[in-house]
Amino acid sequence: MSGYYLQTVPQSVKAAWQETLEETGFNPFQTDVTSILTQLSVEQDFLTGGDDNIFGETKESYLAAIDKVLERIENPLAAVTDERAAYLQQEKEFYTVLASKIRE
């Protein structure tokens, strides 16, 4: 799944993604949980009529998408269970680390 979201980004972003996976031990594309990224992609797909690539093609667009993910984690659209809150905390850590690696 992550390959789909990484196909249009620079190689440095792909490398940062892999490093973040290894460092955090967290994969935001788990089959049993809907990630914020997945939610945002579906929303964008609906709004644009088929474009679900929220990351774009540049480091800047990728960082802007990460900001959207982090914003949604901080401001969920619905009540969050304790289990979901734990997942969101891991997702937040993943994207925070990833953003810092991309900015390096």
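**Helix packing and buried positions in the predicted model**

With a relative accessibility of 17%, Gln 44 counts as buried (under 20% relative accessible area, with exposed meaning over 50% and partly exposed in between, for a 1.4 Å probe and protein chains only). The model is predicted, so that local features need pLDDT of at least 70 and side-chain atom pairs count only at pLDDT 80 or more, whereas totals for chains, interfaces and linings use all residues. Residues are numbered from 1 along each chain as its sequence is written, and side-chain values use heavy atoms, with hydrogens and water left out.

Gln 44 is located in helix H3 (helices are DSSP runs of H or I with at least four residues, and strands are runs of E with at least two, numbered from the N terminus). Apart from residues up to four places away in sequence, Gln 44 touches Asp 51, Asp 52, Asn 53 and Ile 54 (contact means heavy atoms within 4.5 Å). Gln 44 and Ile 54 are 10 residues apart along the chain, and their C-alpha atoms are separated by 7.1 Å.

Helix H3, which spans residues 36-48, also packs against helix H5, residues 82-103: the two axes come within 10 Å and cross at roughly 85° (axes are lines fitted to C-alpha atoms, for helices over the stretch in contact, and angles run from 0 to 180 degrees between N-to-C directions). H3 is therefore roughly perpendicular to H5 (65 to 115 degrees; under 35 counts as roughly parallel, over 145 as roughly antiparallel and the rest as oblique). On the H3 side, the contact involves Ile 36, Leu 37 and Gln 39, which meet Arg 84, Leu 88, Glu 91 and Tyr 95 of H5. The residues of this contact comprise four nonpolar, one polar and two charged (Ala, Val, Leu, Ile, Met, Phe, Trp, Tyr, Cys and Pro count as nonpolar, Asp, Glu, Lys and Arg as charged, and the others, Gly among them, as polar).

Ser 35 occupies the loop between helix H2, residues 11-24, and H3. Its relative accessibility is 1%, and Ser 35 therefore counts as buried. When neighbours within four places in sequence are left aside, the contacts of Ser 35 are Pro 28, Arg 84, Tyr 87 and Glu 91.

Helix H5 packs against two further helices, H4 and H2. The axes of H4, residues 59-74, and H5 come within 10 Å and cross at roughly 155°. H4 is therefore roughly antiparallel to H5. The H4 residues in the contact are Lys 59, Tyr 62, Leu 63, Ile 66, Asp 67, Val 69, Leu 70, Ile 73 and Glu 74, and they meet Leu 88, Glu 91, Lys 92, Tyr 95, Thr 96, Leu 98, Ala 99, Ile 102 and Arg 103 in H5. By residue class, this contact of H4 with H5 divides into 11 nonpolar, one polar and six charged.

For H2 and H5, the axes are 9 Å apart and the packing angle is about 140°. These two helices are therefore oblique to each other. H2 contributes Val 13, Ala 16, Trp 17, Glu 19, Thr 20, Leu 21, Glu 23 and Thr 24 to the contact, while H5 contributes Glu 93, Phe 94, Tyr 95, Val 97, Leu 98, Lys 101 and Ile 102. Nine nonpolar, two polar and four charged residues make up the contact of H2 with H5.

The largest nonpolar core contains 27 residues, of which Trp 17, Tyr 62, Ile 66, Tyr 95, Leu 98 and Ile 102 touch the most other members (a nonpolar core is a set of buried Ala, Val, Leu, Ile, Met, Phe, Trp, Tyr and Cys residues joined through side-chain atoms within 4.5 Å). At least two residues of this core come from each of H1 (residues 2-6), H2, H3, H4 and H5. Not counting residues up to four places away in sequence, Tyr 62 touches Tyr 5, Leu 6, Val 9, Val 13, Trp 17, Phe 55, Leu 98 and Ile 102.

Val 9 lies in the loop between H1 and H2 and is buried, with a relative accessible area of 7%. Beyond its neighbours within four places in sequence, Val 9 is in contact with Lys 14, Phe 55, Gly 56, Glu 57 and Tyr 62. The C-alpha atoms of Val 9 and Thr 58 are separated by 5.9 Å, although the two residues are 49 residues apart along the chain. By contrast, Val 9 and Leu 37 are 28 residues apart in sequence and 16 Å apart in space, C-alpha to C-alpha. Thr 58 belongs to the loop between H3 and H4 and, at 37% relative accessibility, counts as partly exposed.
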